[in-house]
Amino acid sequence: MNNQSWVKLHSLAPVSITSADLDGNSKADLAINFGSSYGIWLWMNNQSWVKLHSLAPVSITVADLDGNDQADLAVNFGSPYGIWLWMNNQSWVKLHDLAATAVTATDLDGNGQADLAINFGSPYGIWLWMNNQSWVKLHDLSPVSITTSRLDDNARQDLIIDFGNSYGIWLWMNNQNWAKLHDLSAKQILASPE
């Protein structure tokens, strides 16, 4: 804590941890996946444990999906449960029946509200959940990886999508056009969110 001391938070080793301001008080909370025996727990305001769900997720993605400056969680529970949203730290909303192979969040249209880019795998491809209200198909192919960054000087984030050895790396720029970045696939892509 405070770059000066260790504090034991829990005796169990987590599968994954992500942080977000879930209650909108400008203090980060932790969403912790403790695996199939324990599910998802929240460490709220550095003072209390709250059980969020008994199922262990495949992944948890943090995003402000409704634009109210409070983080929401997009939770991929895998098959047969699909993708669910934990909205405003108060309610579960089912987003889709299919499980995703990858979920990433970014503001694609520059309106201050996060959108989700979801790879549903073959044969479904990549879909966008735009402004927490509509599905838009982005591409038929299932990519190797998806990441986000703002590659130009506007408010819109861009998607960097590796379609593998046959197609290479492509950019979805400003939520309006495709641009090929490279013919080769990558082992790893790192990009700054800004």
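Which residues form one aromatic cluster together with F34? The cluster consists of F34, W43 and W49. The description that follows concerns a predicted model, in which local features need pLDDT of at least 70, side-chain atom pairs count only at pLDDT 80 or more, and totals for chains, interfaces and linings use all residues. Residues are numbered from 1 along each chain as its sequence is written, and side-chain values use heavy atoms, with hydrogens and water left out.

The overall architecture comes first. The protein has zero helices and 16 strands; helices (H or I, at least four residues) and strands (E, at least two) are DSSP runs, numbered from the N terminus. Its radius of gyration is 17 Å, close to the 16 Å that the globule rule gives for 194 residues, so the protein is as compact as a globular protein of that length. This radius is taken over C-alpha atoms, and the globule rule is 2.2 Å times the number of residues to the power 0.38. The C-alpha trace spans about 50 × 40 × 35 Å along its principal axes. Of the 194 residues, 41% are buried, where buried means under 20% relative accessible area, exposed over 50%, and partly exposed in between (1.4 Å probe, protein chains only). Among contacts (heavy atoms within 4.5 Å) with a separation of 6 or more, 27% are between residues 24 or more positions apart.

One part of the strand arrangement can be followed in detail. An open sheet is formed by four strands in the order β5-β6-β7-β8, and the pairing is antiparallel. Two strands pair if DSSP finds at least two bridges between them. β5 (59–63) and β8 (91–96) are the edge strands, each pairing on one side only. On average, and with direction ignored, neighbouring strands of this sheet are turned by 25 degrees against each other; axes are lines fitted to C-alpha atoms, for helices over the stretch in contact, and angles run from 0 to 180 degrees between N-to-C directions. Within the sheet, strand β6 (residues 72–76) and strand β7 (residues 83–87) pair in the antiparallel sense over four bridges. L73 has W86 in β7 as its bridge partner. The loop between β6 and β7 contains P80, which is joined to S79 by a cis peptide bond with omega of about 5 degrees.

The loop between β5 and β6 holds Q70. With 15% relative accessibility, Q70 counts as buried. A polar atom of the Q70 side chain lies 2.6 Å from the backbone oxygen of L22, and a polar atom of that side chain lies 3.1 Å from the backbone oxygen of N88. Apart from neighbours within four places in sequence, Q70 is in contact with D21, L22, D23, G24, D64, N88 and N89.

F34 is buried at 8% relative accessibility, whereas W49 is partly exposed at 27%. W172 and W178 also form a tilted pair, with ring centres 5.0 Å apart and planes at 50 degrees. W172 is buried at 11% relative accessibility, and W178 is partly exposed at 26%.

D107 is placed in the loop between β9 (102–106) and β10 (115–119). Its side chain reaches the backbone nitrogen of G110 at 3.0 Å. The C-alpha atoms of D107 and Q157 are separated by 5.6 Å, although the two residues are 50 residues apart along the chain.

N132, a residue other than glycine, has a positive phi near 55 degrees.

Technical notes:
Rings of Phe, Tyr and Trp (its six-membered ring) pair if their centres lie within 6.5 Å; planes under 30 degrees apart count as stacked, over 60 as edge-to-face and the rest as tilted. A polar contact is a pair of N or O atoms within 3.5 Å; within protein, one must be able to donate a hydrogen and the other to accept it, and residues adjacent in sequence count only if both atoms are side-chain atoms.
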